[in-house]
Each structure stands twice: as C-alpha cells, then as structure tokens.
Amino acid sequence: MSEIKNETAPAAAPEPRVQNVQLVDGKRKNGLGVAALVVGIVAAVFSIIPLVGMVAFFLGPVAIILGIIAFLLKNRKRGMAIAGAILGIVSLIVAGMMTAAIGAAAKAVDESINAEHTVEYVITTSGPATVSYWTGSGSSTEKVTADWKKSITSKDLNITSLSVIGDFSEATAAVSCEIIVDGKSAGKNIGNGAGANASCSGSTWTK
C-alpha cells in the first residue's frame, strides 16, 4: 500500500512595494551668496545718496567679488550670488553718474561765481543829480547833469548797487536807475517829484 504524502505548496512571494522616492535638491545654502546680496543692497542704497554715494565705489566691487566667488562654488545655490553681483555693478554705475552730475553742477557754480562779468549802470534824470555805484572794491560817486551810463568788467563784482538823487526841487523831477549784467537787466527803479531818488541792486549770480 503506497503512502500518500501531502505536500504544502510554497507560499507565493510577496509582491515588491513600489515606493515614491522624492528627489531632494542636494544644493546647500551659499553663505557667500548671502553676503554678496547684502553688500550689494547696501552699495545700491548708498549710491543714490549725494556725496555719501562715494561709499558705493568700495562696496560695489566687494559685492561683485563675493558674488563671483559664491557663483563658482560647487553644489551651492547661486541666485543670491548673481543678484549681489548685479547690484554691485548697478551701484557703481549709479554712483558714477551721481558723482559726475555733482561735479558738473559744482563746476557750473564755480564758473558762474568766478567768471568775468560786464555790469552796466544806466541813469536817466531830468536835471542835475548825484550818482553812487559799487565798483567791486568800493563805492564811487559822480555828479551828472543828464542821462548817464557806465560799464564795468570784473571777476570780483558779484554784488552790484546803484542810486541816484536829484539835486533839484522841481515837482516834475524824474530819475531812474537800472543795472544790466551781461546784457540782461538785474534791477531797476524810478523816482519822481522834488528831491527824486531811486536805488537799484543786483547780483551776477542771478542774471
């Protein structure tokens, strides 16, 4: 009589589980990039401030150098490095433009103050009068009997003044004064009646 053996079928192997693996960006933080961005921002802020903007000529290159070094580092984030370098370049451009503008303005003011100006004094009078005017080094007085003009060319004549006083008592007396600086009227006045008088003042800065 033959033996009947009961053999148990081997259990089926478990199906492999499929796991979703999320790839993580392996790039690390970039400390030099952060430093480049901070320095670049500070340089950009200083660059738009007159005179103080000179600081940007120092901070701008620092931001650029830090940005380049941070950009070349391997396996590091580069966004801040690029931004810092760009801000450094922008700060240098802006600071250069501001410095050039301030220099041009200062030069224009200096030329205006120290330029040679032609000042013409003009008096009209209906009779004898006394004229007083500023020469740049002091006051001068002249007696006139009719209309009078005098021209002075000087670098030192920045403030001008002119006055006229009639030496007659007629009620119809009339006098006038005018200061002309480089061909443009800088001040004028009139006076009427007995003892008529008029005074003018002007400046070569505001023609």
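The points below concern a predicted model and are grouped by topic.

**The disulfide**

- Within this model the count of disulfides comes to one, and the bond joins C177 to C200 with an S to S distance of 2.0 Å.
- The two cysteines sit in distant parts of the chain, with C177 in strand β6 (residues 174–181) and C200 in strand β8 (residues 197–203), 23 residues apart.
- The torsion about the S-S bond of C177 and C200 is about 95°, and the disulfide is therefore right-handed.
- Both partners are shielded in the model, in the sense that C177 is buried and C200 is buried as well.
- In general terms, a disulfide is a covalent bond between the sulfur atoms of two cysteines.

**N30, ahead of helix α1**

- N30 is located in the segment that precedes α1 (31–47), and a polar atom of the N30 side chain lies 3.3 Å from the backbone nitrogen of L32.
- Because its relative accessibility is 5%, and buried means under 20%, N30 counts as buried.
- When residues up to four places away in sequence are set aside, N30 touches A70, L73, R76 and K77.

**L87, in helix α3**

- L87 belongs to helix α3, which spans residues 79–114, and with those up to four places away in sequence left out, the residues that L87 touches are L37, G40, I41 and A44.
- The C-alpha atom of L87 is separated by 7.6 Å from that of A63, although the two residues are 24 residues apart along the chain.
- L87 has a relative accessibility of 25%, so L87 counts as partly exposed, given that this class lies between the buried limit of 20% and the exposed limit of 50%.

**A nonpolar surface patch, and V55 within it**

- I41, V45, I48, I49, L51, V52, V55 and I102 make a nonpolar surface patch of about 660 Å².
- One of these patch residues, I41, is also among the residues that L87 touches.
- V55, another member of the patch, lies in the loop between α1 and α2 (56–72).
- The relative accessibility of V55 is 34%, which means that V55 counts as partly exposed.

Technical notes
Residues are numbered from 1 along each chain as its sequence is written. This is a predicted model: local features need pLDDT of at least 70, side-chain atom pairs count only at pLDDT 80 or more; totals for chains, interfaces and linings use all residues. Side-chain values use heavy atoms; hydrogens and water are left out. Helices (H or I, at least four residues) and strands (E, at least two) are DSSP runs, numbered from the N terminus. Buried means under 20% relative accessible area, exposed over 50%, partly exposed in between (1.4 Å probe, protein chains only). A polar contact is a pair of N or O atoms within 3.5 Å; within protein, one must be able to donate a hydrogen and the other to accept it, and residues adjacent in sequence count only if both atoms are side-chain atoms. Contact means heavy atoms within 4.5 Å. Patches are made of residues with over 30% relative accessible area and no salt bridge: like charges are joined within 9 Å, nonpolar side chains (Val, Leu, Ile, Met, Phe, Trp, Tyr) within 5 Å. Accessible areas come from the Shrake-Rupley method with a 1.4 Å probe; for residues, only the protein chains shown count as cover. A salt bridge is a side-chain nitrogen of Lys or Arg within 4 Å of a carboxyl oxygen of Asp or Glu. A disulfide is a pair of cysteine sulfur atoms within 2.5 Å.
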